[in-house]
Amino acid sequence: MPKPIPDYSLYVITGESFSKGRSTEDVIRQAILGGATVIQLREKEYCGKELIRVGKLLRDMTREMGVTFIVNDRVDVAFAVDADGVHLGQDDLPIEVARQILGPDKIVGISAGNMDEVLAAQARGADYVGLGPVFATGTKSDAGEAVGLDLVKQVCTRATIPVVGIGGIKANNAAQVIEAGAAGVSVITAVVSADDVTEAARQLRHQIDLAKGLKG
């Protein structure tokens, strides 16, 4: 039986430092209520113990609400909390090692910034790639130059795995990323920094669904 492919439409990444003092759990619950389809736990400042604590809370929440749950970088944490998968950077554990630890039924995604990285990830068995930054962003200090929509289009014509655009994506440009061929968009501040998290997620999801032809 083939592994099911998640709905990558609205992929929300946690960011406590951008959440205006609100707890990660509260922000993520509101994001899911607004239409988030994937949640990624990404908190670089958390120690392992805190990642496990919050990871277990998010695991229970996402399971209850029918949303895919991914852990950033930390394969050990993903394993410990029974996340649906892990998202790796180019300098993290090799895809094959993550797969060996987590098993064949878990999702392994990887960040990519150019065509070569996408094709290499695909050849090594990644389940999806996070491509970007599509637009300029200040959220990640190491994000690099914006790759632009043209690269998204080129990648999506050659990739056989889902491509999720990330970097500088807001409600006013999310549709462009979907129209370029992406399976979804990944955001941090566009949702977690919003005064009304649920409404911010809802607006993004509306634009994504329109671009996918899911709404008239």
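Close-up 1. Thr37 counts as buried because its relative accessibility is 11%, under the 20% cut-off. The model shown here and in the other views is predicted. Thr37 sits in the loop that runs between helix H1 (24-34) and strand S2 (38-41). Its side chain comes to 3.4 Å from the backbone nitrogen of Ser9. Leaving aside residues up to four places away in sequence, Thr37 touches Asp7, Tyr8, Ser9, Leu10, Val67, Thr68 and Arg205.

**Close-up 2. Helix H1 and its buried face.** Thr24, Val27, Ile28, Ala31, Ile32 and Gly34 are the buried residues of H1. They line one face of the helix, because they fall within an arc of 160° when seen down the axis of H1. What do the buried residues of H1 pack against? Their partners are S1, S2, helix H2 (48-65), helix H8 (189-192) and H9. Just after H1 comes Gly35, with a positive phi of about 120°.

Close-up 3. The barrel is closed by 8 strands, in the order S1-S2-S3-S4-S5-S6-S7-S8, and the pairing is parallel. On average, neighbouring strands of this sheet are turned by 25° against each other, direction ignored. Helix H9 (residues 197-211) packs on the sheet. H9 touches strand S1 (10-13) and S8. The direction of H9 makes about 150° with that of S1.

**Close-up 4. Strands S7 and S8 side by side.** Strand S7 covers residues 163-166, and strand S8 covers residues 184-187. The two pair in the parallel sense over 3 bridges. Which residue in S8 is the bridge partner of Gly165? That partner is Val185.

**Close-up 5. A cluster of tyrosine rings.** Ring pairs join Tyr8, Tyr11 and Tyr128 into a cluster. The count of aromatic pairs comes to 2. Tyr8 and Tyr128 form a tilted pair, at 4.9 Å centre to centre and with 40° between the planes. This pair links distant parts of the chain. Tyr8 belongs to the segment before S1, Tyr128 to strand S6 (residues 128-131), and the two are 120 residues apart.

Tyr11 also pairs with Tyr128: the ring centres are 5.9 Å apart and the planes stand at 55°, so this pair is tilted too. Tyr11 lies in strand S1 and Tyr128 in strand S6, so the pair ties together parts 117 residues apart in sequence. Tyr11 counts as buried at 2%, and Tyr128 counts as buried at 1%.

Close-up 6. Helix H6 spans residues 148-158, and its buried residues are Leu151, Val152, Val155 and Cys156. Why do they line one face of the helix? Seen down the axis of H6, they fall within an arc of 130°, so they share one face. These buried residues pack against helix H5 (115-123), S6, S7 and helix H7 (174-179). The face of H6 turned away from the buried side carries Asp150, Thr157 and Arg158, which are exposed.

Technical notes. Residues numbered from 1 in each chain as written. Predicted model: local features only at pLDDT ≥ 70, side-chain atom pairs only at ≥ 80, totals over all residues. Heavy atoms only, no water. Pairing = 2+ DSSP bridges. Helix = DSSP H or I, 4+ residues; strand = E, 2+ residues; numbered from the N terminus. Axes fitted to C-alpha atoms, helices over the stretch in contact; angles between N-to-C directions. Contact = heavy atoms within 4.5 Å. Buried < 20%, exposed > 50% of the residue type's maximum accessible area, 1.4 Å probe, protein only. Polar contact = N/O pair within 3.5 Å; in protein donor to acceptor, adjacent residues only side chain to side chain. Arc of directions from axis to C-beta. Phe/Tyr/Trp six-rings, centres within 6.5 Å; stacked < 30°, edge-to-face > 60°.
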